[in-house]
Amino acid sequence: MVELFDWIVQRVSYDAERDFYAKHFPSVAALHNRPYFRPMTRHDLNAIVAIEQQIYDFPWSKNTFWDCLKISSYSCWVYEQGEEVIAYGILSIAAGESHVMNVCVSPTVQRQGYGLKMMNRLIDVAGGHHVETMLLEVRPSNEPALNLYRNMGFNEIGTRKDYYPAKNGREDALILALDMFVPQHPQKEDEEQLGAD
Ligand SMILES: CC(C)(COP(=O)(O)OP(=O)(O)OC[C@H]1O[C@@H](n2cnc3c(N)ncnc32)[C@H](O)[C@@H]1OP(=O)(O)O)[C@@H](O)C(=O)NCCC(=O)NCCS
């Protein structure tokens with residue numbers, strides 16, 4: 001209850017502050033509209049599930065995201081712009097390894113660099129936990145994601161048979177790995193292009 005009250009107070013005071021800056025300092029107000037990276041909370045889950053349902057044939061449920069938030073070895077993040085979640089990513093981190101469980105960009109802002117930006121942030125989070133290898137699964141048919149990961153330095157290390165549900169049964173997953181000690185993922189140009197957080 002106290003948490004809900006704090007959240008309402010934060011939102012109301014943020015709106016008042018934003019209106020003030022929009023009126024008197026439009027250039028500062030523009031800064032407010034910059035996307036920023038922050039931890040996911042349960043208040044984001046409706047927005048996240050709405051994106052998930054637009055994107056995937058087999059979307060994660062709200063309960064699945066809620067479970068991720070409750071597991072201490074999971075690290076759940078969003079990009080927010082103008083109070084709207086535009087991207088989210090979930091990592092599990094354990095024993096020197098990190099696994100990308102989900103990464104997704106809202107269809108309205110895809111192909112604008114946010115997927116790369118989110119992945120770079122997840123790599124930073126994993127690096128902060130001294131992770132040596134980052135792993136993920138991807139459908140072989142998912143060309144945008146495969147391009148993204150390969151360009152970042154992820155390498156294919158195997159397949160998981162029948163890993164994903166598919167319209168015609170099951171689909172294999174490619175397993176990709178990033179050696180965290182090889183600094184090859186593009187980052188700086190991306191940060192500059194989209195502005196600091
Ligand atoms: C994959 C995804 C996260 C990429 O995010 P994005 O913000 O659209 O991608 P970016 O603008 O950051 O693009 C980065 C790179 O990804 C690749 N890429 C992204 N979209 C692509 C597309 N439609 N076709 C081909 N390559 C694409 C390119 O290599 C691109 O680099 P470039 O622009 O220099 O060519 C996004 O398409 C998405 O959310 N897809 C649905 C969910 C999903 O499949 N998640 C991954 C599950 S494993």
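In this predicted model, 21% of the 197 residues of the chain count as buried. The secondary structure comprises 7 helices and 7 strands. Read from the N terminus, the elements follow the order α-α-β-α-α-β-β-β-α-β-α-β-β-α. Contacts were also sorted by separation along the chain. Among those with a separation of 6 or more, 57% join residues 24 or more positions apart.

One helix pair was examined in detail. Two packed helices are described by the angle between their axes and the distance between the axes. Helix α3 spans residues 45–55, and helix α4 spans residues 62–70. Their axes come within 10 Å and cross at roughly 130°. The crossing of the two helices is right-handed. On the α3 side, the contact is made by Leu45, Ile48 and Val49. These residues meet Lys62, Phe65 and Trp66 of α4. By class, the contact of α3 with α4 holds 5 nonpolar residues, 1 charged residue and no polar ones.

The ligand is surrounded by 19 residues. The closest are Gln110, Gly115, Pro144, Asn147 and Leu148. Helix α6 provides the largest share, with 6 residues. Sorted by class, the shell around the ligand contains 10 nonpolar, 7 polar and 2 charged residues.

Note on methods:
Residues numbered from 1 in each chain as written. Predicted model: local features only at pLDDT ≥ 70, side-chain atom pairs only at ≥ 80, totals over all residues. Axes fitted to C-alpha atoms, helices over the stretch in contact; angles between N-to-C directions. Helix = DSSP H or I, 4+ residues; strand = E, 2+ residues; numbered from the N terminus. Left-handed = near helix turned anticlockwise from the far one by under 90°. Contact = placed C-beta atoms within 7 Å. Nonpolar A, V, L, I, M, F, W, Y, C, P; charged D, E, K, R; others polar. Buried ≥ 20, exposed ≤ 12 C-beta atoms within 10 Å, placed from the backbone. Near = placed C-beta within 6 Å.
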